[in-house]
Amino acid sequence: MGIQCVDCVRDAAKATRPARTAFGGRITTGRPVVTLTLIGLCVVSYVLQLTTPTWTQDLAFAPVVGEAEPWRFLTSAFLHSPGQILHIAFNMVALWSVGPFLEAMLGRWRFLTLYLLSAVGGSVMFLVLASPYSAAWFTGLVGASGAVFGLFGAVLVVLRRTGRSAGGIVGVLVINAVLGFVLPGVAWQAHLGGLVVGALLGTAYAYAPRDRRFAVSVGASVGVGLLLVAAVLVSYARV
């Protein structure tokens, strides 16, 4: 039996390139850390909503306060309706249903970027479609639905890229789209914004040439971020 020195084994391990998915995500057998962290943050935030009187009002998004407190475009995605446990339950189940798959396929950093920009995209679309000084201008927006719809948009692209059926996701999108117009208090604008951002980033991540994957991914992420900022500036300039 041959014996290898510890340094030789260590050097060989460093030289071995890690196995990756077709989209550049590193293949691992560990847990979906980012997905679990996002779920954990939403759950902790929900508990704080129930126990801290000002938690919701300090972090929820509304067009009337977004210009002065821009962090609300993102923080609202970690809040849910305090009196409706099903609100957070449905969103977390949806996040868990597609999050681990996308996290594994895209890798942790691109998955996290996708989620956060989709969340912001939902708030931005709500702002863009709200008429200044209408009821919507003063309406508070909470929920991870925009981010979740972003994941739905991305997973549609990823499944299409790999030649797999996306019928189930399409069915979920159709049902949620109908509910957005039927049920009161559902911000369909946020769903739409998240879906658009998710589909754009998903397309860039999934179809980027292998030798330029990093550059295309960074460029697309920065580009979408700048478009969202521009949409916000234009929306507030009209007021």
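Biologist: Which residue does Glu-103 meet in a salt bridge?
Modeller: The partner is Arg-108, and the N to O distance between the two side chains is 3.8 Å. Please bear in mind that this is a predicted model.

Biologist: Is Glu-103 buried or exposed?
Modeller: Glu-103 is buried, because its relative accessible area is 6% and the limit for that class is under 20%. Arg-108 counts as partly exposed, at 42% relative accessibility.

Biologist: How many salt bridges does a search of the whole structure find?
Modeller: The search finds 2.

Biologist: What is the accessibility of Arg-72?
Modeller: Arg-72 has 8% relative accessibility and therefore counts as buried. Glu-69, in turn, is partly exposed at 26%. In general, side chains of opposite charge can pair when their charged atoms come close.

Biologist: Let us turn to the overall fold. How many helices and strands are there in the chain?
Modeller: The chain has 11 helices and 0 strands. Of its 239 residues, 42% are buried. The accessible surface comes to about 13,000 Å², and carbon and sulfur atoms contribute 68% of that area.

Biologist: What share of the contacts with a separation of 6 or more comes from residues 24 or more positions apart?
Modeller: Such residues account for 77% of those contacts.

Biologist: Which residues have the most contacts inside the largest nonpolar core?
Modeller: They are Phe-73, Leu-95, Leu-102, Leu-114, Tyr-115, Leu-151 and Leu-201, in a core of 50 residues. The elements that give two or more residues to this core are α2 (33-51), α6 (85-106), α7 (108-128), α8 (145-161), α10 and α11 (213-237). As a general matter, nonpolar side chains tend to be buried together in soluble globular proteins.

Biologist: Taking Leu-114 from that list, what is in contact with it beyond its neighbours within four places in sequence?
Modeller: With those neighbours set aside, Leu-114 is in contact with Leu-102, Leu-106, Gly-150, Leu-151, Ala-154, Gly-198, Leu-201 and Tyr-205.

Biologist: And His-80, where does that residue lie?
Modeller: His-80 lies in the loop between α5 (72-75) and α6. Its relative accessibility is 0%, so His-80 counts as buried. A polar atom of the His-80 side chain lies 3.3 Å from the backbone nitrogen of Ala-144.

Biologist: What else is in contact with His-80?
Modeller: Leaving aside neighbours within four places in sequence, the residues in contact with His-80 include Cys-42, Tyr-46, Gln-49, His-87, Asn-91 and Val-142. Val-43, which is found in helix α2, is 37 residues from His-80 in sequence, with a C-alpha to C-alpha distance of 9.3 Å. Val-43 is partly exposed, at 40% relative accessibility.

Biologist: Now the surface. Which residues form the nonpolar patch there?
Modeller: The patch is formed by Leu-129, Trp-188, Leu-192, Val-196 and Leu-200, which together have about 400 Å² of accessible area. Val-196 is found in helix α10 (residues 188-207), and Leu-192 has its place in that helix too.

Biologist: Why do Leu-192 and Val-196 count as partly exposed?
Modeller: Leu-192 is at 35% relative accessibility and Val-196 is at 37%.

Biologist: What about Gln-189, buried or exposed?
Modeller: Gln-189 also lies in helix α10, but counts as buried at 14% relative accessibility. Beyond neighbours within four places in sequence, Gln-189 is in contact with Gly-122, Met-125, Phe-126 and Leu-129. Leu-129 is one of the residues in the surface patch.

Biologist: One last point, on the backbone. What is the phi of Tyr-133?
Modeller: The phi of Tyr-133 is near 70 degrees, which is a positive value in a residue other than glycine. Most residues other than glycine have a negative phi. Tyr-133 sits in the loop between α7 and α8 and is exposed, with a relative accessible area of 59%.

Definitions and conventions. Residues are numbered from 1 along each chain as its sequence is written. This is a predicted model: local features need pLDDT of at least 70, side-chain atom pairs count only at pLDDT 80 or more; totals for chains, interfaces and linings use all residues. Side-chain values use heavy atoms; hydrogens and water are left out. Patches are made of residues with over 30% relative accessible area and no salt bridge: like charges are joined within 9 Å, nonpolar side chains (Val, Leu, Ile, Met, Phe, Trp, Tyr) within 5 Å. Accessible areas come from the Shrake-Rupley method with a 1.4 Å probe; for residues, only the protein chains shown count as cover. A salt bridge is a side-chain nitrogen of Lys or Arg within 4 Å of a carboxyl oxygen of Asp or Glu. Helices (H or I, at least four residues) and strands (E, at least two) are DSSP runs, numbered from the N terminus. Buried means under 20% relative accessible area, exposed over 50%, partly exposed in between (1.4 Å probe, protein chains only). A nonpolar core is a set of buried Ala, Val, Leu, Ile, Met, Phe, Trp, Tyr and Cys residues joined through side-chain atoms within 4.5 Å. Contact means heavy atoms within 4.5 Å. A polar contact is a pair of N or O atoms within 3.5 Å; within protein, one must be able to donate a hydrogen and the other to accept it, and residues adjacent in sequence count only if both atoms are side-chain atoms.
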